[in-house]
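Hello,

Here is the structure I promised to pass on.

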Amino acid sequence: MKTHPKLRLFRYLLPVVIVLALIFSVRYCGKQEKPLGHPRDYAAIAKEGILHVATEYNSISFYVDSDTVSGFHYELIEAFARDKGLKTEITPVMSFDERLRGLSDGRYDVIAYGILATSELKDSLLLTSPIILNKQVLVQRKANGENDSLYIRNQLDLAQKTLHVVKGSPSILRIQNLGNEIGDTIYIKEIEKYGSEQLISLVAHGDIDYAVCDESIARAVADSLPQVDINTAISFTQFYSWAVSKQSPALLDSLNTWLDKFQKEKEYQKIYRKYYGDK
């Protein structure tokens, strides 16, 4: 099977990217006099001149292609920093829970990655104006004949099945609600070490049977994994946002004011079409 170049880069460059990011992070933090462990607001960020950002390494958000760093959320947060006269320090973090912990203890100022606005997250985070529309889909292998017992044809077939998700993912609440809707148990297994693209690869190669991830990420890798089926929706199409700490209201206002203006400009349309196609 031919491997998509972007996926090859993902497999081989991800450990390098993470290690380099961690080394830089540790080296940089060692030079700082400010105490760690407290989220910063915009004034402190502007004073330092550096915005600390967490995202996920995947084919939509942030990835390395040859010697170029790309990604929808990467380009968007870089445009924000440029317009505000800031530099960015971007760290790819595969664990959703770890991104949240980093935000709460001040390692990161913003999570520049699409976050579904659940009631639980709204209680603990400040979410920006909507960044993108997305939905969660079931990832499974294509049916091996009409009597394939593993193939899910509709949401009712999810009863008693185990769905794998990134640890702490907002999709957990949706799956639990879906179990209530169909009147049966849907088991959830949270995976801490892997991101969405890696879960999709595990499904494709038969290591697990089902995963749930954002449709945009699933579609970005589906062409290179023809054995994968992503046609069963788990949720409705919903707005996804970035997140900052509850202790960073001025940063939230700055991001929202910028987003409301930037999303009307041609530069945003160009970035959007590059990763999602025409609206």
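A word on the basis before anything else. This is a predicted model, in which local features need pLDDT of at least 70 and side-chain atom pairs count only at pLDDT 80 or more, while totals for chains, interfaces and linings use all residues. Residues are numbered from 1 along each chain as its sequence is written, and side-chain values use heavy atoms, with hydrogens and water left out.

The whole chain

The chain has 10 helices and 13 strands; helices (H or I, at least four residues) and strands (E, at least two) are DSSP runs, numbered from the N terminus. There are 279 residues, and 51% of them count as buried. Here buried means under 20% relative accessible area, exposed means over 50%, and partly exposed is in between, with a 1.4 Å probe and protein chains only. Taking the contacts (heavy atoms within 4.5 Å) with a separation of 6 or more, 76% are between residues 24 or more positions apart.

Helices α3 and α10

Helix α3 (residues 72-83) and helix α10 (residues 266-276) have axes that come within 9 Å and cross at roughly 165°. Axes are lines fitted to C-alpha atoms, for helices over the stretch in contact, and angles run from 0 to 180 degrees between N-to-C directions. That makes α3 roughly antiparallel to α10 (under 35 degrees is roughly parallel, over 145 roughly antiparallel, 65 to 115 roughly perpendicular and the rest oblique). On the α3 side the contact is made by F72, E75, L76, A79 and R82, and on the α10 side by E267, Y268, I271, Y272, K274, Y275 and Y276. By class, this contact has 8 nonpolar, no polar and 4 charged residues. Ala, Val, Leu, Ile, Met, Phe, Trp, Tyr, Cys and Pro count as nonpolar, Asp, Glu, Lys and Arg as charged, and the others, Gly among them, as polar.

Helices α7 and α8

Helix α7 (residues 196-204) packs on helix α8 (residues 215-222) at about 55°, and their axes are 10 Å apart. That makes α7 oblique to α8. S196, E197 and I200 of α7 meet I217, A218 and V221 of α8, a contact with 4 nonpolar, 1 polar and 1 charged residues. Of the 9 residues of α7, 8 are buried, so α7 is largely enclosed by the rest of the structure. Among the buried ones are L199, S201 and V203. After α7 comes G206, with a positive phi near 80°.

Single residues to look at

S104 is in helix α4 (residues 96-104) and is partly exposed, at 48% relative accessible area. Its C-alpha atom is 9.0 Å from that of Q247, which is 143 residues away along the chain. Leaving out residues up to four places away in sequence, S104 touches G37 and P39.

S66 lies in the loop between β2 (63-65) and β3 (68-70) and is exposed, with a relative accessible area of 58%. Q160 is in the loop between β8 (136-141) and β9 (162-166) and counts as partly exposed, at 44%.

Best wishes
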